Amino acid sequence: MKNQSITALSKKHVFTRNNNGEFFQEKFYFRLSRDNYDTNLLNNRTFGESTFFPGGKFNMGSQYWVFQIQLTGNPTVSYNNIKKNLNPGDMLVIPPRTKYTYIAGEKTMTKYFITMQNSPLLDLLLLDEVEKHGIVLRKKSHEDYTDIFSQIRDTMLSGDAENTSVLLYKLIYRLRKTFSSSPQQGNFRQKLKNAVSKIEFMTSLDALAAEFNMPKHTLIRTFRKELNTTPIEYMISMRLEHAKQLLSFSELSINEISCSSGYNSPAFFSSEFRKKFGMTPSAYREKYFAGQK
């Protein structure tokens, strides 16, 4: 994530009346300036808290990804002719331009929400799973996302963009594990996922062309059309982001992370990492390793 200017709104309250005369309340903790987006990676736009009062019915939709966790109340959400009741701890993972309806129920309900700018990485990690399994993620007994939402809120309020980035990745990868994935073959996104899953081997255009089973010039044209970048530039970016997460959340050595990210030379890996993130892998780990006490 770029160095970003976060506009803290000091828990600003925004009251809105919808077309039915019903009230809901939005509490925005911060909003990110649009000029600071890096559209290739994960970029938080807003964090806030909503209160929907009893009986309210609200038609929702956004041009951004929306991640929200139910804090209190038992609303109903409807989308694509599907209706589901939500309980505290349940989550919604909502892709851009998805229309859905909230019915607040008999009690006041509250939720945290995060919006993120759309990016190829979010599509790669989550879109297929959402399309297959729906936008509702039920809370399981061993899962509690409230804590990580609160941590994200606190780092956003403090203006700590780097730690916010680490926590957003942690959230997305935890959500990814929650989805039970059944592979689909034959489409570009699935082939891209397969390539990224073999990230340590996808170090040349020839290897990528073989994985996608298409000529190199066709592969380049497809990447430019789908992701507005070249295959090698994309894989370098993914390898370094992969390394960043391993540095943040694993206890693998720098050499092991270098190899698992597709770099035979730890020195070259360190040089490339520093170019992208402004510090060496060891310095990044020392500052952001989530396992530190």
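Which residues does Thr229 touch, not counting residues up to four places away in sequence? They are Phe223, Arg224 and Tyr234, where contact means heavy atoms within 4.5 Å. The model is predicted, so local features need pLDDT of at least 70 and side-chain atom pairs count only at pLDDT 80 or more, while totals for chains, interfaces and linings use all residues. Residues are numbered from 1 along each chain as its sequence is written, and side-chain values use heavy atoms, with hydrogens and water left out.

Thr229 lies in the loop between α6 (216-227) and α7. Helices are DSSP runs of H or I with at least four residues, strands are runs of E with at least two, and both are numbered from the N terminus. The relative accessible area of Thr229 is 13%, so the residue is buried. Buried means under 20% relative accessible area, exposed means over 50%, and partly exposed lies in between (1.4 Å probe, protein chains only). The side chain of Thr229 also makes a polar contact with the side chain of Glu233, at 3.0 Å. A polar contact is a pair of N or O atoms within 3.5 Å; within protein, one must be able to donate a hydrogen and the other to accept it, and residues adjacent in sequence count only if both atoms are side-chain atoms.

Helix α7 covers residues 231-249. Its 19 residues should span 27 Å at 1.5 Å a residue, and the end C-alpha atoms are 27 Å apart, which agrees. The expected span is 1.5 Å times one less than the number of residues. Of the 19 residues of α7, 14 are buried, so the helix is largely enclosed by the rest of the structure.

The strand β4 (residues 57-60) shows alternating side chains. Phe58 and Met60 point to one face and are buried. β4 pairs with β9 (residues 100-103) in the antiparallel sense over 4 bridges; pairing requires at least two DSSP bridges between the strands. Lys57 has Ile103 of β9 as its bridge partner.

The structure holds 4 salt bridges, each a side-chain nitrogen of Lys or Arg within 4 Å of a carboxyl oxygen of Asp or Glu. One of them joins Lys216 to Asp206, with the closest N and O atoms 3.0 Å apart. Lys216 lies in α6 and Asp206 in α5 (residues 205-212), so the pair ties together parts that are 10 residues apart in sequence. Lys216 is partly exposed, at 39% relative accessible area. Another salt bridge links Lys275 and Glu272 (3.1 Å, N to O). These two are 3 residues apart in helix α9 (residues 266-277), a separation of about one helical turn. Lys275 is exposed at 65%, whereas Glu272 is buried at 14%.

The largest nonpolar core has 58 residues, and Phe67, Phe149 and Leu175 touch the most other members. Helix α1 (residues 120-133) gives the most to this core, with 7 residues. A nonpolar core is a set of buried Ala, Val, Leu, Ile, Met, Phe, Trp, Tyr and Cys residues joined through side-chain atoms within 4.5 Å. Leaving aside neighbours within four places in sequence, the contacts of Phe67 include Leu92, Tyr112, Leu126, Phe149 and Leu175. A second, separate core of 13 residues includes Leu246, Leu247, Tyr263 and Met279.
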